Amino acid sequence: LLAGAEDADGVGGDAMAVNGEEGGGKKKDRELRVGDVVLALWRPEADDWREVEIKDKKKDNTLFYVHWVDFNRRLDAWISRDRIDFETTREKLRERRERTHKWGDEFTHENHDDHEGLGEADLKEHEELTKVKNVNKIQFGRYIVETWYFSPLPREIWKQGDGVIDILYVCEFTLSFYRTKEELERHQKKLTIRHPPGDEIYRNGDVSVFEIDGEKAKIWCQNLCYIAKMFLDHKYLYYDVDPFLFYVVCECDSQGFHVVGYFSKEKESANAFNLACILTLPQHQRKGYGKFIISFSYALSRIEQKLGSPEKPLSDLGKVSYESFWARKLLLMLQEIRQRQDPEDRMVSIQELADNTSFTLADIKNTLDRLQILRYSQGSYYINVNPKIIEYHLAKCGGEGVPVDPSKIHWTPHLTSDRWFR
């Protein structure tokens with residue numbers, strides 16, 4: 001048998017019952033089942049075969065929806081049968097795994113758990129409901145973007161039993177969804193609004209940030225969440241947007257304000273979270289906007305005179321961005337402290353670092369531990385600020401990203417409880 005749900009170690013038998021003979025001596029490929037694990041062609045130009053799990057298939061067995069075992073679910077896709085090795089055996093799978101383990105893999109990156117905090121039953125239900133993408137691509141402004149994950153779109157756009165939407169057309173200003181390009185073009189002819197439905201609280205050059213109340217612009221914020229779910233595996237906020245504020249980053253030009261990404265935060269967080277969800281749209285990634293969004297969330301925390309931390313779990317890309325941001329900020333601060341002339345001025349506490357950054361004490365300690373520069377000796381902690389170590393870690397953190405100019409923020413904290421009046 002091929003590897004399936006019945007196989008305890010996730011690997012099939014030594015040889016598959018393949019290649020039965022049809023009339024005329026023509027070999028017949030074995031029928032694959034959902035849950036089977038086989039090898040499939042990952043990069044045709046390099047003859048690179050990878051382990052996949054069959055998630056779904058067409059009735060005529062011409063296309064198979066697969067999960068590439070070594071990769072994040074965002075790369076799940078439909079592939080044709082000619083890319084599948086129907087003669088996969090236990091031995092072939094073992095050789096592939098041993099080769100990956102021995103030599104490593106340039107395409108397999110550190111795996112961060114997108115589902116941290118989910119119970120086993122919840123995780124199983126989530127993966128079953130979202131195992132197959134319902135939209136292949138979206139047209140968003142002048143970009144056509146491949147989606148990564150399933151999104152539970154409004155029923156008038158897609159419902160269970162409908163086929164996969166090849167291209168979903170989205171108005172980049174109103175975030176309305178359309179099944180055809182003609183519908184979008186008719187909508188655009190009547191379009192008068194070319195910015196998000198909220199208050200512009202920041203502008204620096206061609207970068208703007210709008211604050212949008214989920215209660216006042218419910219449909220717009222819900223549609224933003226539907227779009228975000230296409231690129232975030234663990235996101236659950238689609239309908240109840242009332243308790244949240246959305247901070248939408250835009251690039252502005254003569255045509256209007258074009259959404260780049262956003263973060264949301266609770267109006268009143270019991271756990272002092274300063275960010276609930278973060279997304280930079282794929283077409284704008286690697287431009288420094290991820291760090292801009294993180295930096296902006298902490299700039300608001302400083303105005304509120306609070307320490308803040310993002311809500312967990314973070315997506316894999318979100319976690320990488322935050323760890324890089326925290327490390328860079330703290331290392332630059334420690335570098336400056338080390339250069340002070342007076343030894344007394346070179347004494348610093350984690351609380352002082354928190355007061356200067358608005359990072360929580362836990363995030364600071366975890367970052368210093370991860371960098372292996374927080375040491376304990378003779379009953380007290382000290383931070384190793386060896387210049388070579390600092391420079392080594394800074395080189396791995398990347399650049400600053402798009403900078404935030406605090407003087408350009410025009411915003412006051414929202415009064416959501418009577419504690420502000422006491």
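**Close-up views of a predicted model**

View 1. In β20, Tyr382 is the bridge partner of Arg375, a pairing seen here in a model that is predicted rather than determined by experiment. Strand β19, residues 374-377, and strand β20, residues 380-383, run antiparallel and are joined by four bridges. The two strands form a hairpin with two residues between them, and in the turn Gln378 has a positive phi of about 50 degrees.

**View 2. The chain as a whole.** The chain holds nine helices and 20 strands, and buried residues account for 46% of its 422 residues. Of the contacts between residues at least 6 apart in sequence, 59% join residues that are at least 24 apart. The accessible surface of the chain comes to about 22900 Å², and 49% of that surface belongs to carbon and sulfur atoms.

**View 3. The open sheet of four strands.** This open sheet has the strand order β9-β8-β10-β11 and its pairing is mixed. The edge strands are β9 and β11, the latter spanning 177-178, and each of them pairs on one side only. Strand β8, residues 135-140, runs parallel to strand β10, residues 165-170, with five bridges joining the two, whereas β8 and strand β9, residues 143-146, run antiparallel and are joined by four bridges. Ile138 stands opposite Leu168 in β10, and Ile138 also stands opposite Val145 in β9. The hairpin of β8 and β9 has two residues between the strands, and Gly141 takes a positive phi near 65 degrees there. Beyond β10, the pairing with β11 is in the antiparallel sense over two bridges, and Tyr169 stands opposite Tyr178 in β11.

**View 4. The open sheet of five strands.** Here the strands follow the order β12-β13-β14-β15-β17, and the pairing is antiparallel. Strands β12 (199-204) and β17 (277-280) stand at the edges with a single partner strand each, so one side of each is left without a neighbour in the sheet. From one strand to the next, the twist averages 20 degrees. Within the sheet, strand β14, residues 244-253, and strand β15, residues 256-266, run antiparallel and are joined by 10 bridges, and Leu245 stands opposite Lys265 in β15. In a regular strand, side chains alternate between the two faces of the sheet.

**View 5. Two helices lying across the sheet of five strands.** Helix α4, residues 218-229, lies across β13 (207-213), β14, β15 and β17, and runs at about 80 degrees to β14. Helix α5, residues 289-304, lies across β12, β13, β14, β15 and β17, and in this case the angle is about 50 degrees, taken to β15.

**View 6. The surroundings of Tyr289.** Tyr289 is found in helix α5, and because its relative accessibility is 6%, under the 20% cut-off, Tyr289 counts as buried. When its neighbours within four places in sequence are left aside, Tyr289 is in contact with Val207, Val249, Glu251, Val260, Thr280, His284 and Val402. Val402 lies 113 residues from Tyr289 along the chain, yet the C-alpha atoms of these two residues are separated by 5.9 Å.

**View 7. Aromatic residues.** The structure holds 18 aromatic pairs. One of them is formed by Phe150 and Trp158, an edge-to-face pair with 5.6 Å centre to centre and 80 degrees between the planes. Both Phe150 and Trp158 are buried. Elsewhere in the chain, Trp42, Trp68 and Phe71 form one aromatic cluster.

View 8. A disulfide is a covalent bond between the sulfur atoms of two cysteines, and the structure holds zero disulfides. Cys171 has a relative accessible area of 1% and is therefore buried, the cut-off being 20%. Cys397, with a relative accessible area of 7%, is likewise buried.

Key: Residues are numbered from 1 along each chain as its sequence is written. This is a predicted model: local features need pLDDT of at least 70, side-chain atom pairs count only at pLDDT 80 or more; totals for chains, interfaces and linings use all residues. Side-chain values use heavy atoms; hydrogens and water are left out. Buried means under 20% relative accessible area, exposed over 50%, partly exposed in between (1.4 Å probe, protein chains only). Contact means heavy atoms within 4.5 Å. Accessible areas come from the Shrake-Rupley method with a 1.4 Å probe; for residues, only the protein chains shown count as cover. Two strands pair if DSSP finds at least two bridges between them. Axes are lines fitted to C-alpha atoms, for helices over the stretch in contact, and angles run from 0 to 180 degrees between N-to-C directions. A disulfide is a pair of cysteine sulfur atoms within 2.5 Å. Rings of Phe, Tyr and Trp (its six-membered ring) pair if their centres lie within 6.5 Å; planes under 30 degrees apart count as stacked, over 60 as edge-to-face and the rest as tilted.
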